[in-house]
Amino acid sequence: MAGDPSWVPPGVDTKRANVARVYDYWLGGSHNFLADQDLGRSIAAVEPNIRQIARANRDFLGRAVRLLGQSGIGQFLDIGSGIPTQGNVHEVAQRADPSARVAYVDIDPVAIAHSKAILAGNDQAAIIDADARDPGKILELATASGLIDLSRPCGLLLVAVLHFLPDADEPQRIVAALRDALAPGSYLVLCHATNEARPAVAQAAETVYNRSVTATLQLRSRAEIARFFDGFELLDPGLVYLPQWRPDPPAATTADPSEMWGLVGVGRKP
Ligand SMILES: C[S@@+](CC[C@H](N)C(=O)[O-])C[C@H]1O[C@@H](n2cnc3c(N)ncnc32)[C@H](O)[C@@H]1O
């Protein structure tokens, strides 16, 4: 039987579906395995829009980073950055400002290995192997890397990651710790899956997902997601569904934006 490809880091169980690789599969990437594809297809059976949602999430991330770049933000801390794909944050940011710096953070060994490979020799971006549940360590390593200067405004990206932190991990406390460390004029970019619009589908998707991956998906209500912006001023149009956040013309045609699951927003620390 053929073994795993050479880019798979030692110790990775490719027979078990994994958050980063399932997302890579939905985006059409090549860093995923049968177990990830099987789970990806099972979720697609419950939610046929899932690939479109993953793409809408990447598009939102791109629009938000572009806006921050145009607003003078030259450094980004991207927590739960994922397996590199098209439109990576440093590529988008450096279009607005060629000197922009990005500290990526993830816990997934495949995301880390692939990020290291594509960022080798790049002194303006690096990947940090750390857990979102340890904001102190993230801030320490990001500062030590020379990429993030906490005395200056920074773009904090928490895009499609906080719904992998159950309440027991106290995600509100984590975001507050990161916010408090940021300089005034910093921004929070957030995407979080919600159970608000379609609770029955949400529950089915949560069950299928949590049965198969080594992570816990916890969808949240609009009110719970809005609380992540405590201490930030939400930019227009506020907390909205993915395609509704400052769409590029022509606006994506989605019959019902709430079918896109992700509530998103960008806030500025005054
Ligand atoms: C759905 S992907 C999102 C990737 C990217 N932010 C985007 O929106 O395109 C979620 C990422 O969060 C990472 N992740 C999940 N839990 C994490 C944690 N506790 N600490 C750091 N990263 C985490 C996963 O490994 C995965 O790469």
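View 1. The side chain of asparagine 57 places an N or O atom 2.8 Å from an oxygen atom of the ligand. Arginine 58 likewise has a polar side-chain atom 2.8 Å from an oxygen atom of the ligand. From alanine 132, a backbone N or O atom lies 2.8 Å from a nitrogen atom of the ligand. A polar contact is a pair of N or O atoms within 3.5 Å; within protein, one atom must be able to donate a hydrogen and the other to accept it, and residues adjacent in sequence count only if both atoms are side-chain atoms. On its own the ligand has 600 Å² of accessible area, of which the protein covers 96%; such areas come from the Shrake-Rupley method with a 1.4 Å probe, and for residues only the protein chains shown count as cover. The model is predicted: local features need pLDDT of at least 70, side-chain atom pairs count only at pLDDT 80 or more, and totals for chains, interfaces and linings use all residues. Residues are numbered from 1 along each chain as its sequence is written, and side-chain values use heavy atoms, with hydrogens and water left out.

**View 2. The shell of residues around the ligand.** There are 19 residues around the ligand, and Tyr23, Asn57, Gly80, Asp106 and Ala132 come nearest; a residue is near a molecule or strand if one of its heavy atoms lies within 4 Å of it. By class, eleven residues of this shell are nonpolar, four are polar and four are charged. Here Ala, Val, Leu, Ile, Met, Phe, Trp, Tyr, Cys and Pro count as nonpolar, Asp, Glu, Lys and Arg as charged, and the others, Gly among them, as polar. Helix H1 contributes the largest share of the shell, three residues. Helices (H or I, at least four residues) and strands (E, at least two) are DSSP runs, numbered from the N terminus.

**View 3. Helix H2 and its cover.** Helix H2 comprises 13 residues (residues 34–46), which at 1.5 Å a residue should span 18 Å; its end C-alpha atoms are 19 Å apart, in agreement. The expected span is 1.5 Å times one less than the number of residues. Ala35, Asp36, Gln37, Leu39, Gly40, Ile43 and Ala44 of H2 are buried. Buried means under 20% relative accessible area, exposed over 50%, and partly exposed in between (1.4 Å probe, protein chains only). The cover over the buried residues of H2 includes H1, H3 and helix H8 (199–212).

**View 4. Histidine 31 in the loop between H1 and H2.** Histidine 31 occupies the loop that joins H1 and H2 and counts as buried because its relative accessibility is 11%. Leaving aside neighbours within four places in sequence, histidine 31 is in contact (heavy atoms within 4.5 Å) with Trp7, Arg21, Asp24, Ile83, Val110 and His114.

**View 5. Proline 153 and proline 184.** Proline 153 is in the loop between helix H6 (135–144) and strand S4 (155–159), and proline 184 is in the loop between helix H7 (171–181) and strand S5 (187–193). The two prolines are 31 residues apart in sequence, with C-alpha atoms 6.3 Å apart in space. Proline 184 counts as exposed, at 55% relative accessibility, whereas proline 153 is partly exposed, with a relative accessible area of 32%. Not counting residues up to four places away in sequence, proline 184 touches Pro153, Lys269 and Pro270.
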